[in-house]
Amino acid sequence: VYEAVVTEMVDVEDVLNKFLADLAAGGNVVMPMDIVLKDYIEIRNNVVLDLNGYTLTHPASSQAKYKDVFEVMGGGNLTILGDGAVVAEDGYSVYAAGDATVTLNGGSYFSPVSAVDARKNAHVTINGGTFKVDGSNNPDGDYGQKYTLNLRDKKGNYVTDQSEITVKGGRFYKYN
């Protein structure tokens, strides 16, 4: 007996566009599949993202000016949970600025530059996750830096910053 197997064809571009629209709308979002970005994702609202075991990648080959995965800005609030990965091949995994709040409750974060960058009154809480920065695509560092967590120093443009990164858990490889 021959049994036909029907599989649903998925238009990756449609899935990507819906995912980005869901993030822009805010609320609870579950990653539907592995996603490769063409540009960073800007968060200016309240988003809870469940990585759902998938990987979100911003490739080094991207033509975007900034090759970060997330830029949480202007009072935006991003919470990430679940297993999965956030991979910036040539930028920050998570960049937070402008009174942004970020809470990381799991996932793996990779960047050649900085896994988490906080400045301009951003507040980041790390409750868990795995963080790795290896300089693989950034041999000289961006302005000489290669930091797992980068809290901008209170000097120059950041002298009045009240930014903070609070670490309550997680795994950090070759922490700097």
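Two strands pair if DSSP finds at least two bridges between them. Helices and strands here are DSSP runs, H or I of at least four residues and E of at least two, numbered from the N terminus. Keep both in mind for valine 102, which stands opposite valine 124 in β12.

Now the ground rules. This is a predicted model, where local features need pLDDT of at least 70, side-chain atom pairs count only at pLDDT 80 or more, and totals for chains, interfaces and linings use all residues. Residues are numbered from 1 along each chain as its sequence is written, and side-chain values use heavy atoms, with hydrogens and water left out.

Let's start with the strands. Alanine 85 is bridged to serine 108 in β10.

Next, helix α1, residues 12-25. α1 has 14 residues and spans 20 Å from first C-alpha to last, close to the expected 20 Å at 1.5 Å a residue. That expected span is 1.5 Å times one less than the number of residues.

Which residues of α1 are buried? Val15, Leu16, Phe19 and Leu23. They sit on the same side of α1, because they cover an arc of only 100° around the axis. The arc is taken from the directions running from the helix axis to the C-beta atoms. Buried means under 20% relative accessible area, exposed means over 50%, and partly exposed is in between, with a 1.4 Å probe and protein chains only. Facing away from the buried side are the exposed residues Lys18, Ala24 and Ala25.

What does the buried side pack against? β1 (27-30), β2 (35-36), β3 (41-43), β4 (46-50) and β5 (55-58). Contact means heavy atoms within 4.5 Å.

Both ends of α1 deserve a look. At the start, a side-chain oxygen of aspartate 11 comes to within 2.9 Å of the backbone nitrogen of glutamate 13. Just after α1, glycine 26 has a positive phi of about 90°.

On to the core. A nonpolar core is a set of buried Ala, Val, Leu, Ile, Met, Phe, Trp, Tyr and Cys residues joined through side-chain atoms within 4.5 Å. The largest has 36 residues, and Phe19, Leu49, Leu56, Phe70 and Val116 touch the most other members. β12 gives the largest share of this core, 4 residues. Leaving out residues up to four places away in sequence, phenylalanine 19 touches Val29, Met31, Pro32, Ile35, Ile41, Leu49 and Leu56. Another core lies apart, with 5 residues, among them Met73, Tyr92, Tyr95 and Ala97.

Aspartate 117 is buried, at a relative accessible area of 0%. Its contacts, not counting residues up to four places away in sequence, are Tyr92, Val94, Tyr95, Ala96, Asn150 and Arg152.

Asparagine 52 is not a glycine, yet has a positive phi of about 55°. Asparagine 52 lies in the loop between β4 and β5, and is partly exposed at 38% relative accessible area. Lysine 120, also not a glycine, has a positive phi near 50°. Lysine 120 is in the loop between β11 and β12, partly exposed at 42% relative accessibility.

Key. Polar contact = N/O pair within 3.5 Å; in protein donor to acceptor, adjacent residues only side chain to side chain.
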